[in-house]
Amino acid sequence: MTKRRALNRTETILVLQRQTAAPILCGCGCGEPLDPVKERVVDEHVIPRELSEAGQQGERDDLDNRRFYRWPCALEKTRTDLARIAKAKAQAGETGQYARRQKRGQGSIQSRGFDKTRTKRFDGSVVARQSQESL
């Protein structure tokens, strides 16, 4: 007895089209029918896995979160998803200037602090600071 061969994406869509009376439409909502013979079809996550909490990416693999997209629609979706993922990482502090400083081991930029020996007057002149004992 031989093991059953799994269907690839093209065969899966062709079988689905044969089982339904209407054509299967692109998952993006553009209204274009899927035609795996003429153009490439991609299995996409509706909500990207990277936008889920850490350790919860497996929950995004549910069939409810998956759709078949035409290749041009999948490219556009991927482009917008990458922008959303980059923004989420920046807001979480995983990328950007704050993350680079944390990686180096320094927090915020150090200020020079207050000069204890001199002070600046309202007229702009700099004079020696009077000690608290002389007041």
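This report walks through the fold, the core and the charged contacts of a predicted model.

**Overall layout**

The protein has 3 helices and 4 strands, and from the N terminus on they follow the order α-β-β-α-α-β-β. Of its 135 residues, 15% count as buried. The accessible surface comes to about 11,400 Å², and carbon and sulfur atoms account for 51% of that area. If you like contact order, here is a related figure: among contacts between residues at least 6 apart in sequence, 43% join residues at least 24 apart.

**The core**

Let's go inside next. The largest nonpolar core is made of 8 residues, namely Ile 13, Cys 26, Leu 34, Val 41, Val 42, Tyr 69, Cys 73 and Ala 74. Strand 1 (41-45) and helix 2 (71-91) each supply at least two residues of this core. In general, nonpolar side chains tend to be buried together in soluble globular proteins. Cys 73 deserves a look in your viewer: leaving aside its neighbours within four places in sequence, Cys 73 is in contact with Cys 26, Cys 28 and Cys 30.

**Charged pairs**

The count of salt bridges comes to 6.

| Arg 70 | Glu 39 | 2.7 Å |

Which parts of the chain does the pair of Arg 70 and Glu 39 tie together? Arg 70 lies in strand 2 (residues 66-70) and Glu 39 in the loop between helix 1 (9-19) and strand 1, so the pair ties together parts that are 31 residues apart in sequence. Arg 70 is buried, at 14% relative accessible area, while Glu 39 counts as partly exposed at 27%.

The other two pairs sit within helix 2. Arg 79 and Glu 76 are 3 residues apart there, which means about one helical turn separates them. Arg 79 counts as exposed, at 53% relative accessibility, and Glu 76 is partly exposed at 42%. Lys 77 and Asp 81 are 4 residues apart in helix 2, again about one helical turn, but both of these residues are buried. Lys 77 and Asp 81 also belong to a network of salt bridges that links them with Glu 44 and Arg 84.

**Rings**

The count of aromatic pairs comes to 0. A ring does meet a charge, however: Arg 40 lies over the face of Trp 71, at 3.9 Å from the ring centre.

Technical notes
Residues numbered from 1 in each chain as written. Predicted model: local features only at pLDDT ≥ 70, side-chain atom pairs only at ≥ 80, totals over all residues. Heavy atoms only, no water. Phe/Tyr/Trp six-rings, centres within 6.5 Å; stacked < 30°, edge-to-face > 60°. Lys NZ or Arg CZ within 6 Å of the ring centre and 35° of its normal. Core = buried A, V, L, I, M, F, W, Y, C linked by side-chain atoms within 4.5 Å. Buried < 20%, exposed > 50% of the residue type's maximum accessible area, 1.4 Å probe, protein only. Contact = heavy atoms within 4.5 Å. Areas by Shrake-Rupley, 256 points an atom, 1.4 Å probe, with all protein chains shown as cover. Salt bridge = Lys/Arg side-chain N within 4 Å of Asp/Glu carboxyl O.
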